[in-house]
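Subject: Structure for your review: charged side chains

Dear colleague,

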Amino acid sequence: MEDPGKFLLTDFLATSFPTIQTIVKGASALRGQNKNRKITLFQYTNDKKISVPFEDEHFYLRGSVEYANPQLTVEEVQGILATRLLATCANYYLEHGLHTPTQDALQEISEALQKPPKGYIVPFLLNTDDVELDRYSMNPLKQSIIDSGQSAIPAANATTEGLKIDQAYAKKYSGSLISKKETDLITETLNTNNTSYLDFVDSIKCHQLSELSVFFNINLSLYSLRLPLSTLKAEDKTGLLHYIISQSNHDYASVEQAYTCMGRSMNKRTTLLTVPHSKKGYGSKRAARGKLHFENNKFHDATITYKTTSLYPNDIDPQDIAVAVCEDKFSIAGEKFAEYSFNETASSPQFFLYSLASPEDAAIWHGVGAVGSSQLLQSYTNARNACRTDQFIKDLNQKYNLNVGVPLQFNLSPDGLWSHPTYHNIDASIGSIENLSDLVNRGIKLEYLSNFK
């Protein structure tokens, strides 16, 4: 294939131009409304993590990756490419006005894609750091994660000490979930890493994205933001995430409002809005069982039980289910939530809450309606609408210069999700694809989720 990047761009303009029109109009409408917003993201430059402050007004487009696997998957790569394509096309049309794509436009956008991201619309990746290390049974470090006692520990708190390639995994899934080149890269990075699991994963994915940038002829070095735990660790009690946790757990009424956003009843009160970590280090949301107790309107306490729990299988073998190994039981006084301090009570808030701290004005989801959760997206939308009207977590905009409206929602079309050409799994490692042109030929199609406003 002569130029994969230009092929993808041409196809994207043909199939997804309505999404470009939508984000251009949305970005134009927001101009001038977020002048006081200051955002700091990070980016890897020459294998070093560099903080990048954004002092000027921008419109932020969020893509996403996870720390549940060190190797890039075809799903992640498609999402990153879609984020870069949408942002770059939209920045071009913001400057030149919306018009039918021409050869001159194609050439200029193609040249912009080859350079680092630039413009009013900033594409970034939200790296969720509260996940288990092997959430989807696709981590080639599988057995050592269990052996090192880290299967139920949040990725943000994990270290690389004791981790090594699971040879049985590597053999079983060679060519479908992992490649030898990737296991060699992972082993080499483990030997030179500073023990931070997050830095280890980011380093590997950054290395792979550098190589993919050459193949696609698209610069894939995007900015990133780690949420929620890295941000909570860096905040004091006056920080944004601390405020979100405190306000949503303030009393019965505030918890009830959060439950309403999730579409849940207060009858059983078993969903923890933020899941306290065990003193043993456990923090798996799926392995934690909770119960909220109230006295009159006051949040009295929460009891938390951690039990060894099955997580999720990979797409190749539905019987190969990841597991979070843990046993513990304790209670936390309600005031520890209502007057929240992460230093005193480390916990992992639910996504629909901590995503309020993301600067996103638009977001790209992966296959909602097929593999993506529409229920999660609905909770996310409900919470932002409730905050916008001050029915939930009041004064966010005034206190923290947030845009608490519902971001524009885009979706990798379910019928166009990339997958392994042979095994048809979307969790295939990018290194297991022998001919990347097989993916490129499928193109990238985005749709606007107008139902989630």
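Glu 344 has a relative accessible area of 54%, so Glu 344 is exposed, the cut-off being over 50%. Please bear in mind that this is a predicted model. Glu 344 forms a salt bridge with Lys 336, and the closest N and O atoms of the two are 3.2 Å apart. Lys 336, for its part, counts as partly exposed because its relative accessibility is 32%.

A search of the whole structure finds 12 salt bridges. One of particular interest for the fold joins the side chains of Asp 130 and Lys 285, with an N to O distance of 2.7 Å. Asp 130 belongs to the loop between strand S4 (121-128) and helix H5 (142-147), while Lys 285 belongs to the loop between strand S6 (274-276) and strand S7 (288-295), so the pair ties together parts that are 155 residues apart in sequence. Are these two partners, Asp 130 and Lys 285, buried or partly exposed? Asp 130 counts as buried, because its relative accessibility is 8%. Lys 285 counts as partly exposed, at 23% relative accessibility.

A further salt bridge is formed by the side chains of Asp 134 and Lys 142, again with 2.7 Å from N to O. Here Asp 134 counts as buried, at 8% relative accessibility. Lys 142 is also buried, with a relative accessible area of 13%. Both values fall under the 20% limit, which means that each residue is classed as buried.

Salt bridges also occur as a network, in which Asp 199, Asp 202 and Arg 226 are linked.

Glu 95, Asp 104, Glu 108 and Glu 111 form a negative surface patch. Which helix supplies the largest share of the negative patch? That share, 3 residues, comes from helix H4 (residues 103-113). Glu 111 lies in helix H4, and Glu 111 counts as partly exposed because its relative accessibility is 38%.

Yours sincerely,

A colleague

Notes. Residues numbered from 1 in each chain as written. Predicted model: local features only at pLDDT ≥ 70, side-chain atom pairs only at ≥ 80, totals over all residues. Heavy atoms only, no water. Patch = residues over 30% accessible without salt bridge, like charges linked within 9 Å, V, L, I, M, F, W, Y side chains within 5 Å. Areas by Shrake-Rupley, 256 points an atom, 1.4 Å probe, with all protein chains shown as cover. Salt bridge = Lys/Arg side-chain N within 4 Å of Asp/Glu carboxyl O. Lys, Arg positive; Asp, Glu negative; His and termini not counted. Charge placed at Lys NZ, Arg CZ, Asp CG, Glu CD. Helix = DSSP H or I, 4+ residues; strand = E, 2+ residues; numbered from the N terminus. Buried < 20%, exposed > 50% of the residue type's maximum accessible area, 1.4 Å probe, protein only.
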